[in-house]
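Subject: Structure handover

Hi,

Here is the structure we talked about. Please open it and keep it beside you while you read my notes below.

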Amino acid sequence: MTDTRIVLPFGDGPDGRPITMRGPADMAEVLPYLLGFFPDDSIVAVGLQPPDLHQGGVIRLDIPESAEEWPAAAEETAALLVGLSERQDRRPVQVLLYLCQDPVGPGPGGQHGPPVAERLRPLAERLRRAFEDRGVRVKESLCVSAGRWWSFLCTRQGCCDPVGHPIRRTPGPGPVAVAATVAGLAPRGSRREILAGLAPVGPPGAEAVRSALARARAGAGPAPGRRLSLDRREHAELLDAAVAEFLAGATVLDDDRAARLLLALQDRIIRDRAAEYARPDELASAQRLWRFLATRCVAPYESCAAPPLTLLAWASWVAGDNATARVVLGHTLRRHPSYLLAQLLYESMNGGFAPDALLASVEEERRRRTEREERERAVAEEPAGGEVPEAGPRPGPPPAPAPAADGAAPGKARRRSRRRRGRPVAVAGAGAQGPAAGGAAPGRASDEGAGPDRPAGAPPGRDGTGGAPGSGGGAGARAARVRCTAAGARSVTAPGAGCRPKERQRGLRAARIAHPRPRPAPSPAGGCRWGRSRGARGAAAERHGR
């Protein structure tokens with residue numbers, strides 16, 4: 001590495017303080033401050049942008065255990081950094097590479113010998129070729145292990161000590177570490193330490209957790225006859241109650257509730273609702289809850305850990321804890337590589353994006369959801385305004401029959417009016433409530449109103465001779481059946497139900513009356529408008545069990 005200075009921006013916004021690295025020692029010392037944690041078993045690539053070689057994108061990947069996977073890992077690292085840099089700004093011109101891995105044990109004689117650096121040298125060469133094939137020159141490539149560093153690019157004989165160089169030559173921190181601390185940056189421990197707090201619980205508690213998950217899994221899914229929306233409503237209530245308890249200071253849930261909540265979070269709708277708990281006063285409690293749930297994913301239920309781990313990474317990112325977010329997302333994608341939300345968050349973080357835009361979208365969705373639920377709750381709790389009356393004619397005279405258009409048959413006008421459900425229907429001769437004229441028995445609609453100009457058995461207005469509705473007696477028989485349109489109202493059949501089928505059908509067609517819920521008498525100008533809206537209100541009453 002030459003003496004060319006490399007500028008790293010530490011701190012957010014215009015008040016951020018640039019840090020200048022002057023050599024490999026500064027480069028090695030700044031790494032944990034750059035990531036927010038001490039990496040281990042990691043490939044780290046830092047893009048350098050023109051014209052002054054300032055920091056661009058930063059990515060971290062695991063070092064594969066098998067050397068056979070190193071070529072693919074090198075190609076993936078180069079493609080990922082170049083692609084993310086191009087989407088964010090532009091292609092980097094140079095790159096800094098780190099290979100970080102601690103030795104399993106001390107070298108011969110208790111010294112930190114070169115085995116780690118020498119073992120990783122083929123991987124460093126693969127990385128160099130992958131970046132140079134994409135037109136990006138490697139500025140420096142270091143191995144960092146056990147507090148020491150080695151340069152893979154140094155080829156001068158006797159320049160570098162075979163046992164490496166200490167990162168800090170003095171007991172105190174160097175100027176780069178001081179500048180990073182002043183900028184408010186501090187490593188949060190090693191990657192292993194961060195992941196240790198997310199490990200599933202062990203014995204003796206693991207068996208109880210496993211049994212609770214088995215019980216929850218056995219009862220998962222909509223019960224016969226239930227809608228999925230009802231189960232989602234129960235899951236949402238379970239989630240909201242758990243968050244409320246952790247906001248109040250709780251640190252655990254009982255095994256059965258934790259198991260049910262874990263399975264509920266497998267539903268994308270419930271998981272997205274959980275991501276809405278990202279306001280400043282909710283972040284710490286939400287992180288505590290997601291961390292607790294992640295530790296309940298014991299074998300063989302490890303697949304349930306993807307939602308709580310991703311939610312923990314999301315809350316950490318919003319809270320400004322990028323180190324935890326990066327480590328947790330990397331851990332999640334290693335175990336669940338196809339989990340889409342973790343992929344999107346990981347790419348956003350590696351691309352240098354802030355969570356502000358995503359957070360604004362989540363907050364807007366929370367606002368809309370809250371308003372929708374308040375409206376539904378208001379409809380469910382709305383007083384009925386009076387019980388649906390018993391089936392029967394409404395008190396008072398019925399609405400006057402609407403005159404038929406010129407040339408239109410009255411029977412057709414009645415049929416058209418009957419199609420408009422929930423609207424008042426004029427009934428022929430409804431004012432005549434007595435027995436049929438000529439001594440006909442009530443309900444005998446076959447010969448009612450028959451005369452010399454109309455055949456017996458033909459209903460009024462259907463013979464084409466101008467017989468007007470209501471001209472004959474027996475309106476009580478024609479109004480023999482009253483059917484309530486309100487949800488849950490009963491049907492009542494008046495005398496005449498025993499007549500012959502065709503006669504009864506003819507009488508019912510002329511006498512069916514829509515009977516909506518009692519309301520103030522409509523004005524003549526808009527007398528049927530409320531009837532049109534009656535069906536919608538009735539449907540709402542059915543949905544809410546009224």
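Start with helix H11, which covers residues 306–318. Trp314 and Trp317 both lie in it, three residues apart. That is about one turn of the helix. Bear in mind that this is a predicted model.

**Aromatic pairs**

How many aromatic pairs does a search of the whole structure find? It finds two. One is Phe246 with Phe292, and this pair is tilted. The ring centres are 6.3 Å apart, with 45° between the planes. Phe246 sits in helix H7 (residues 228–247), while Phe292 sits in helix H10 (residues 283–294). The pair therefore ties together parts that are 46 residues apart in sequence.

Trp314 is buried, with a relative accessible area of 6%. Trp317 is buried as well, at 5%.

**Nonpolar cores**

In soluble globular proteins, nonpolar side chains tend to be buried together. Here, the largest nonpolar core has 80 residues. Which of them touch the most other members? They are Tyr98, Trp290 and Leu293. H11 gives the most to this core, with nine residues.

Now click on Trp290. Leaving out residues up to four places away in sequence, Trp290 touches Leu239, Leu265, Ala274, Pro308, Leu311, Leu312 and Ala315.

There is also a second, separate core of 28 residues. Its members include Leu61, Ala74, Val116 and Ala130.

**Cysteines**

A disulfide is a covalent bond between the sulfur atoms of two cysteines.

Two cysteines show why. For Cys100, the closest cysteine sulfur is in Cys143, 7.7 Å away, which is too far for a bond. For Cys297, the closest cysteine sulfur is in Cys304, at 5.6 Å, and that is too far as well. The sulfurs would have to be within 2.5 Å to count. Both cysteines are hidden from the surface: Cys100 is buried at 2% relative accessible area, and Cys297 is buried at 1%.

Best wishes

Terms used
Residues are numbered from 1 along each chain as its sequence is written. This is a predicted model: local features need pLDDT of at least 70, side-chain atom pairs count only at pLDDT 80 or more; totals for chains, interfaces and linings use all residues. Side-chain values use heavy atoms; hydrogens and water are left out. Buried means under 20% relative accessible area, exposed over 50%, partly exposed in between (1.4 Å probe, protein chains only). Rings of Phe, Tyr and Trp (its six-membered ring) pair if their centres lie within 6.5 Å; planes under 30 degrees apart count as stacked, over 60 as edge-to-face and the rest as tilted. Helices (H or I, at least four residues) and strands (E, at least two) are DSSP runs, numbered from the N terminus. A nonpolar core is a set of buried Ala, Val, Leu, Ile, Met, Phe, Trp, Tyr and Cys residues joined through side-chain atoms within 4.5 Å. Contact means heavy atoms within 4.5 Å.
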